[in-house]
Amino acid sequence: MRTLAIISIGLNVVLAAVVASQWRTEKKVAAADATPTVVPVQKTQSSFIARRSGGPKVETLVVSNLLESNFHWRSIEAEDYRAYIANLRAIGCPEDTIRDIIIADVDKLYARKLAPLRKPTEDFKFWKTGNSFSDYNNQSDEYYKAQREFAKEKRELLKQLLGVDYEKEISKQWGYPPAKDPLENLAPETRDRARGLTEKFSEQQSDIYRKARGHIDSTTQDELRSLRRQLHEDLAKIMGPDELLDYEVRTSDIARNMKYNELQAFDASEEEFRAIFKAKQAAEFLQRGEGKAEPDWQAQYKRERDELKQALGEDRYKEYERAKDGDYQNLMRLAEARGLESTVVDQVYQMRDEAQKAVSRVRSDQSLDADQRAAALAAIRAETEKTVVATLGEKNFKTYKRYAYWLRNIAPTTVGPR
Amino acid sequence: VFDSENRRELQGCIRSLNESGLLAVEGCVKRGGESQRAMNTRAIVLISFLGNIGLLALAFHLKAARSSALSAESSLAVSSASSSTRLAAVETKVEFVTNDVTAEFRWRQVESRDYKAYIANLRTIGCPEETIRDIIAADVTKLYAQKRRALYPDLKPDEYWKKDPSWRGVNSPELERQTKLRALDKEKSALLKELLGIDPIKERQKENGYVDYWDRIYGFLSEEKQQQVRDISDQFDQKIQPLYRMQMRDEDDEKEIRKLLREKLAAMASVLSPQELEQYELRASQIATQMRYDLDGFEPTQQEFQEIYKLRKQREEDLAYVYDQDDNEAQAKRKKAVDEVEEQLKNMLGEQRFAEYKRAQDYSYKELVRLLERDNLPTLLAAKVHEWKTGSEDAVKRIRNDPSLTQEQRNEALQALRAEAEDALTRQLGEKVFSNYRRNGGSWLNNIASPREVRRR
């Protein structure tokens, strides 16, 4: 019996040691994990800053016992993005927030991959001349190549992880207008091929702009034209003519220039816009670089103009031609700035036309000698100015005169009292 | 059966067992009465046996609890065949610790309608600061995205054919929108700073290599003064920008612009020291900005730039461009001012540098410098070409004014001069650069003789 007691007590000692050891280990882990005991829900309304989506209204009152135990962010972190996302989903993290977390994380991952290749931007030196373009676009070819590759990788990765389009997601986040994919109506296979071509085009176009260092001279314009033509020809091989036109009226530089600049004085309908675009694109393709054009460019150009005239109709074609005229655009701007009626614009523009006809007659009149011609032209200018002043008013005319080069082109100075 | 004494003795033994372990128990056993020894031993064995069971059960429980935690952890960490390494893992090794209640935690427990509470809750569960910044920055950005979108109620992005005067015109609603957008951006940045202590969006832009133009310009100022300068700029730009955008400005508009710029400078002077103000002007003023364009190709030193700036600033009004070509008086006044400033510059820079200054005002020289830089060729070639140009222009004058030449002889001489110039330039620049130069800056060649006439020769 005594032996049994000794064995049993001995066993107790051993077991007590084991229990003590396990207890200590458990306490250490708990101490590391259990920093949060209670979620300190903020109840001070004075410093309340309302969130966008809000979340459940009553949740601030719930202090979970589960949190009182030992949830810690580390328990959901994972080396693998998929595991991380799964863990976030497992704790009920909203998809929106998961996207925010993962996109930001992936963004930083690639930014840090690219960082070693990036030259730092130099400090601003006020005496350094030239435009600031080169200060911001002075990276190596290797950098830009890596930047593109990483951008593609990033897009792919986020598509795989979250099933989202990175660019769309970022646009949404920043509140940019929802851009419609100009290729979305194409069959998937065609769309992929077209996207490959347009991406390559964008890369080459960026290279040209970068090389130009912000100075777009005629050589650069030639290069850009040639690139646009190449894209058009490549896309024409895989898209139907209407599909191609649908794409180009939404994306090409010609269309953008029409929308934001050239057609400000011409309210084009959709059909008119498409017709004008086609004519302009055809005219651009007649240029062959270095100031040269296709051998029969004049005949082709006339054909395109005739087609456009037919598409717009005689009157609208005239209005279109007028809207492109710098003098007409200046008058429109003056009217906008000074609150003038649009009829005033038309009247002055009409005066310009009449003056130019009169000038033409005087210049071609062989019966006049040089002095007589100069006097006749000066008289036309004086008369025209008088009429324009009466239409615009003295102050507006003074402004307009600064930009009305056509008046100076009639004769360098006026004669007689004004 | 225990009597009271035996019981007390046994309780003492148990206490001793707790306090001193086995030796104390042995002592107790020895102290027991002989007659009771057998009974006591049985009782001790019984208690000890119960202790064995109790301790075994406790040890088993602790072990089982640990296994359950590990199992919960592995069920959360879903493995994947195509693993992609996370940023956190790249930088620091993540310690993989979990506990038995993880799977039961729900995100809504940290969600709050109040950003501050949301951040505090995230901190409490050990969410890293970087992740908190990511979550809050995205959330705040989306909050302001709604406000931004509200400024474009009628936006129809697919109406590609509709004209868009956003960036033109004086009374464009876009101007007002831009002001509101700037205000929203400022508000957003302030909110992020209040919540997180920094603006994580700006921080991330910096990490991506993006350098804000104005940050770069105002980098010499403290953050507080940068903000003051930006506020003053915003305040005045709201008045100045519509005037700049007005493409049909008159003298009154220009006077108004100059007046507003003077007021802006005075406002800057109220928050900046004289030295800071000088730096501000050299970096951000209209004159300095124009000079950085005008002097391209001259490459002034810091001192030269400052001195030229001083001269131009003193004569700012006199040097202003005169739009009215018929206003001979104003034109003459401006020309006089230009000549006087140039005379002062000649004295200041010396003959050699002044000649270089004049050369840099020449459009064709500037264009050639750009072409050469683009092709990574030495820009010294542009100086040689400029010499050719000035030499040719002098020769043209001589030929045109030579009364001994007939018209035909004059034409021939000019055509020969152009042909000679073209040959020399082709040799100097190479075919490709010369071909580009002819179209970009080389139009002076046409002033010698028309290309058709030269080709006909």
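This is a predicted model: local features need pLDDT of at least 70, side-chain atom pairs count only at pLDDT 80 or more; totals for chains, interfaces and linings use all residues.
**Salt bridges, a helix pair and a surface patch**

E262(A) is buried, with a relative accessible area of 14%. Buried here means under 20% relative accessible area.

E262(A) has a charged partner. Its side chain meets that of K280(A) in a salt bridge, at 2.8 Å from N to O. The pair links distant parts of the chain. K280(A) sits in helix α12 (residues 270-285) of chain A, and E262(A) in helix α11 (residues 253-262) of chain A. They are 18 residues apart. K280(A) has a relative accessible area of 22%, so this residue is partly exposed.

Side chains of opposite charge can pair when their charged atoms come close. Over all chains, the count comes to 82 salt bridges. One of them joins R99(A) and E169(A), with 3.1 Å between the closest N and O atoms. R99(A) lies in helix α4 (residues 95-114) of chain A, while E169(A) lies in helix α7 (residues 166-174) of chain A, so the bridge ties together parts that are 70 residues apart in sequence. Both residues are buried.

The side chains of D237(B) and K264(B) meet at 3.3 Å, N to O. D237(B) belongs to helix α10 (residues 223-245) of chain B and K264(B) to helix α11 of chain B, 27 residues apart. D237(B) is partly exposed, with a relative accessible area of 21%. K264(B) has 11% relative accessibility, so K264(B) counts as buried. Elsewhere, salt bridges that share partners join R381(A), E385(A), K401(A), R408(A), D324(B) and D326(B) into one network.

Stay with helix α11 of chain B, which spans residues 251-271 and also holds E263(B). E263(B) counts as partly exposed because its relative accessibility is 33%. From E263(B) to Q428(B) is 165 residues in sequence and 51 Å in space, C-alpha to C-alpha.

Now turn to a helix pair in chain A. Helix α15 (residues 326-338) and helix α18 (residues 394-403) pack at an angle of about 150°. Their axes are 11 Å apart. The crossing is right-handed. From α15(A) come D327(A), N330(A), L331(A), L334(A) and R338(A). They meet N396(A), T399(A), Y400(A) and Y403(A) of α18(A).

Finish at the surface of chain B. L46(B), F49(B), L50(B) and I53(B) make a nonpolar patch of about 410 Å². L50(B) is found in helix α3 (residues 37-76) of chain B. L50(B) counts as exposed because its relative accessibility is 54%.

Terms used: Residues are numbered from 1 along each chain as its sequence is written. Chains are lettered from A and ligands numbered from 1 in the order in which they are written. Side-chain values use heavy atoms; hydrogens and water are left out. Patches are made of residues with over 30% relative accessible area and no salt bridge: like charges are joined within 9 Å, nonpolar side chains (Val, Leu, Ile, Met, Phe, Trp, Tyr) within 5 Å. Accessible areas come from the Shrake-Rupley method with a 1.4 Å probe; for residues, only the protein chains shown count as cover. A salt bridge is a side-chain nitrogen of Lys or Arg within 4 Å of a carboxyl oxygen of Asp or Glu. Helices (H or I, at least four residues) and strands (E, at least two) are DSSP runs, numbered from the N terminus. Buried means under 20% relative accessible area, exposed over 50%, partly exposed in between (1.4 Å probe, protein chains only). Axes are lines fitted to C-alpha atoms, for helices over the stretch in contact, and angles run from 0 to 180 degrees between N-to-C directions. A crossing is left-handed if the near helix is turned anticlockwise from the far one by less than a right angle, and right-handed if clockwise. Contact means heavy atoms within 4.5 Å.
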